[in-house]
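Hi everyone, thanks for coming. Have a look at the structure on the screen, and I'll walk you through a few parts of it.

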Amino acid sequence: MNIRDRKLAPIWDKIQQGQRLTLADGLALYTTQDVIALGRMANEVQQAKSGDAVYFVLNQKIEHTNICVLSCKFCDFAAKKGDERAYEMTTEDVLAKLTPEIREVHITGGMPPDWPWERYLDLVRTIHHRLPEADVKAFTAVEIDFFHKKFRMSIEEVLRQLQAAGLKTMPGGGAEIFSERVRKLLFNQKIGAKGWFDVHSTAHRLGIPTNSTMLYGHVETLEERLIHMIKLRDAQDETGGFLTFIPLAFQPGETGIKPRNMFTSAIDDLKTIAVSRLMLDNFPHIKAYWVMLTEEVTSVALNFGADDIDGTVGGEKIAHDAGATSPTTIAKEKLIQMIRDAGKIPVERDVYYNPIHVYADNVIGKIPYLNSVPFHAHLEKQQFRLLPVVPRRMGVLAAQGELDAGLFSLMDFLRLEDVLEPLGWCIATRDQVKSVMLFSKEGWRDLEGKTIGITDDTATSVQLLRVLLEKKYHVHATFERLHAGVNDCSRFDAVLLIGDEALRHNKAGLDGFELVFDLASEWYEWQKLPFVFAVWAIRKALPEESRRDLAGLLERSLDACGDDFASIAGTHGRRIGLTEAETQEYLEGFNYKLGEREQEAIRVFRRFQAELAASGVGNGDSREG
Amino acid sequence: MYVQDILAKAREGERITREEGIELYRHAELLDLAEAANEIRFRKNPGQQVTFVVDTNPNYSNVCTIDCIFCAFYRHPGEEGEYTYTVDHMIGKFKESAGHGVTTVLLQGGVHPSLPFDYYKELVRRTRKEVPEVFPHFFSTSEIIGMAHGAGMSTEQVLRELWDAGLRSLPGGGAEILSDRVKKKISRLKGTSADWAGVMKQAHRIGYKTTATMMYGHLENEEDVVEHLELVRQIQDEGNGFTAFIPWSFKPGNTPLEKIIPHYATPTRYLQMIAFSRLYLDNLPHIQASWFSEGKKTGQMALHFGADDFGGTLQEENVHAAANFVNTTSTEECVRLIHDAGFSAAQRTTLYEILRVIPTAEVAV
């Protein structure tokens with residue numbers, strides 16, 4: 001990277017070493033004239049997190065009413081009851097707007113004085129039941145706070161009831177800018193930073209992930225924008241429940257607020273995307289919300305750190321000219337085009353950001369865990385594109401034919417053996433693993449009849465746990481799948497975690513679970529064999545040349561690493577709390593070559609698998625959480 | 001050769017070949033291209049400064065016989081809505097523009113079958129005499145060729161007589177895409193690449209300064225783009241008469257070509273084109289960002305992708321407006337857009353002499 005602005009060089013060093021940026025760093029980034037260097041830094045950080053993927057969702061925005069008890073200066077949406085502009089939608093009106101392909105229903109609206117609580121619950125419940133494919137993302141913190149006051153329930157109770165009705169995630173609106181000075185000037189009827197964070201952290205505790213926003217380009221200072229980001233970063237450290245950050249450029253419209261300029265400049269928009277990507281190191285996604293940002297800036301923002309383009313929102317207005325094609329489909333095609341145009345791969349997601357469809361060829365699934373870093377650290381992509389995805393999802397996508405290659409969880413590899421060809425590389429343990437861990441309140445034999453929370457990320461570790469319980473210890477327990485994202489684990493008797501999450505808790509401990517078992521050492525002590533967690537494979541349908549190319553690229557990446565894992569994976573390790581020595585030791589514990597003993601281990605495991613299946617014990621008895 | 005090697009070569013000021021150009025255009029990542037383009041841009045035009053011109057873009061006539069399928073502006077002789085203004089009328093317009101601070105008039109018409117050559121000479125002569133505040137930047141190569149046909153003269157003779165009347169600068173329009181494969185499809189009657197190149201070379205030899213343009217986003221491919229830039233680079237090697245290169249994307253509204261190309265070329269493609277042309281055209285001093293044809297936000301972004309000029313304020317414009325693509329600004333807004341993109345704004349003449357610098361008031365965000 002060639003950085004023209006000398007102020008940026010030390011900041012880039014910090015980022016590469018995994019150090020956190022300060023307010024002063026943020027100011028240096030924001031005020032640089034070297035916009036391209038800023039963009040490249042953000043793009044590189046984004047690539048490390050989401051590869052070549054840009055996410056979109058087939059969604060529909062619903063504003064159930066514009067009647068609102070507040071009169072905020074910046075809002076030209078709200079109306080008073082009896083106004084000519086005022087409207088209220090019934091649940092049936094809402095359903096009429098939802099087409100079958102919709103996966104996310106985004107509901108926010110005014111705060112009417114006379115809607116009973118049951119009407120909101122009914123709205124969420126009815127959508128949830130009538131359109132099971134569509135997940136409900138509803139109500140900003142401001143609305144939740146309004147329900148809490150109006151219906152005299154705690155915020156937690158409001159959220160619990162909505163969750164029971166089918167609420168999955170929440171939008172991030174109402175944050176505006178976390179500055180009392182600005183709040184008093186512009187948003188004095190809104191809840192302010194404390195109220196907003198109360199709602200969001202409560203939601204995260206209940207297992208409801210949320211979005212976050214920042215309204216910029218009005219009267220706020222750069223310092224206030226950065227403080228806003230830092231507050232979000234601190235909160236994310238505590239709960240981990242934020243999915244994405246959405247900077248929203250202020251639109252003056254008819255609001256009566258006079259910002260410095262009528263509209264933010266394209267450069268301010270791009271800088272805000274890039275700076276937030278660099279400041280919010282613990283946020284998985286940064287959103288370029290195309291409806292507000294304009295299509296002009298959005299396609300460029302996808303090279304400035306954004307990996308999320310929102311969705312079809314309300315479809316395209318030109319739809320009526322296009323006959324049978326739905327507005328959502330037209331908007332979807334446009335989004336796909338915008339993402340491809342930016343040189344990225346369009347990935348359709350669900351409400352939790354799990355990939356559902358991949359609209360590109362030559363896509364490799366990339367396991368986002370520390371143990372696969374050696375495969376990727378020096379990987380030249382050439383014709384291949386990378387999609388970071390947890391093992392279980394990789395299996396689902398490969399079964400749909402949407403991934404061409406990847407490091408597949410063993411269970412998925414065995415299931416898809418007809419269409420997959422192994423590349424000779426794998427993730428196998430020698431005698432322990434440290435990242436497939438059972439955190440338990442009880443010893444093995446006391447788990448009989450108990451409930452174990454299991455990771456949603458993979459099937460292999462879950463099956464290994466099942467084999468150990470049934471075949472080694474002869475106990476039977478019930479499995480319940482954890483949510484993607486945030487969870488309350490305390491109600492389980494044991495919890496199975498894998499990957500970086502397991503590593504982090506292996507070091508720091510998991511509150512309430514005193515016993516920690518390493519599944520690979522349990523297996524090794526019992527079978528005196530390594531355990532193969534994942535296998536590199538490519539679709540058989542691809543030309544022989546692709547298979548050779550990829551096998552060669554993987555070998556070159558591993559060779560380039562040699563035995564020096566600390567320098568390639570140190571930053572990743574630090575992010576989950578490991579020292580360089582611990583990272584080095586962890587990675588030395590793996591064998592990456594699929595050799596004879598590894599093949600033998602697969603055969604033994606497969607035999608246990610078959611026995612369990614024959615006796616009716618297997619995937620069937622795990623309940624979805 | 002790998003993309004990174006080609007970029008390194010371009011950075012060091014070495015000329016990239018046609019094949020390397022195609023490789024770069026196909027495979028370089030957007031910000032890699034931008035980074036190298038910026039380096040060259042600041043080497044050629046140092047300082048955190050962007051130039052602009054206060055200009056207007058009227059038309060003396062919309063009568064045209066060439067039938068380009070990308071154009072929504074022209075009318076055939078006798079067709080409803082056709083117009084041709086008198087010299088008096090045009091001089092009146094220029095005076096009014098001069099009163100608003102305009103220093104450049106970019107004047108084009110159609111290729112009119114029957115206007116006498118004296119009309120064009122009169123336009124130039126009277127403009128220089130009666131409106132000395134404005135600099136005429138008149139007549140595309142197609143019009144020059146049309147005048148030569150009409151008057152039974154060579155294009156060189158036409159250029160010399162216009163020079164004697166006081167014309168010193170020509171716009172680069174009519175180039176479209178300098179690939180005969182594509183030109184045949186979109187503007188069959190407009191002449192070949194060689195015709196455009198011939199007029200430009202003659203003009204540069206006489207002493208004219210001109211711009212070079214490119215209209216992309218229709219039927220061209222990467223090779224056509226590189227062919228276009230290659231020709232511009234060759235002409236510049238010979239005569240050094242180009243001041244700036246101005247790419248713009250095809251606007252499909254209200255044109256026959258719309259049926260084949262229903263979408264705008266995207267902003268990303270435009271930024272790529274700006275950066276790429278900065279790297280390929282190693283002998284051109286200026287690359288112009290066209291906020292007018294691409295949108296103000298895209299124009300701002302282009303200033304970070306290798307462009308050093310923001311074009312004109314365009315007090316009047318009719319050709320894009322005919323394709324339903326309307327964008328307006330004032331001098332004040334033009335300066336603000338440049339400031340907000342992080343640069344001082346420098347008002348220039350047609351020939352890129354700086355008239356005044358308006359420093360940015362604060363560090364842009």
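Let's begin with H218(B), which sits in the loop between β6 (209–216) and α10 (222–239) of chain B. Helices (H or I, at least four residues) and strands (E, at least two) are DSSP runs, numbered from the N terminus. Before going on, some ground rules: this is a predicted model, where local features need pLDDT of at least 70, side-chain atom pairs count only at pLDDT 80 or more, and totals for chains, interfaces and linings use all residues. Residues are numbered from 1 along each chain as its sequence is written, chains are lettered from A and ligands numbered from 1 in the order in which they are written, and side-chain values use heavy atoms, leaving out hydrogens and water.

Is H218(B) buried or exposed? With a relative accessible area of 9%, H218(B) is buried. The word buried means under 20% relative accessible area, exposed means over 50%, and partly exposed is in between (1.4 Å probe, protein chains only). From H218(B) to Q272(B) we go 54 residues in sequence and 16 Å in space, C-alpha to C-alpha.

Now over to chain A and E104(A), which belongs to strand β3 (residues 104–107). E104(A) counts as buried because its relative accessibility is 1%. Leaving out residues up to four places away in sequence, E104(A) touches several others, including V57(A), D135(A), K137(A) and R349(A). A contact here means heavy atoms within 4.5 Å.

Let's zoom out to the whole of chain A. Its secondary structure comes to 24 helices and 23 strands, and buried residues make up 61% of its 625 residues. Its C-alpha trace spans about 75 × 60 × 50 Å along the principal axes. Among contacts in chain A between residues at least 6 apart in sequence, 78% join residues at least 24 apart.

Finally, the nonpolar cores. A nonpolar core is a set of buried Ala, Val, Leu, Ile, Met, Phe, Trp, Tyr and Cys residues joined through side-chain atoms within 4.5 Å. How many residues does the largest one have? The largest nonpolar core has 227 residues, and I144(A), F304(A), L24(B) and F310(B) are among those with the most contacts inside it. Setting aside neighbours within four places in sequence, F310(B) is in contact with residues including V50(B), F52(B), W291(B) and L337(B). Apart from that core lies another, of 94 residues, with V373(A) and Y592(A) among them.
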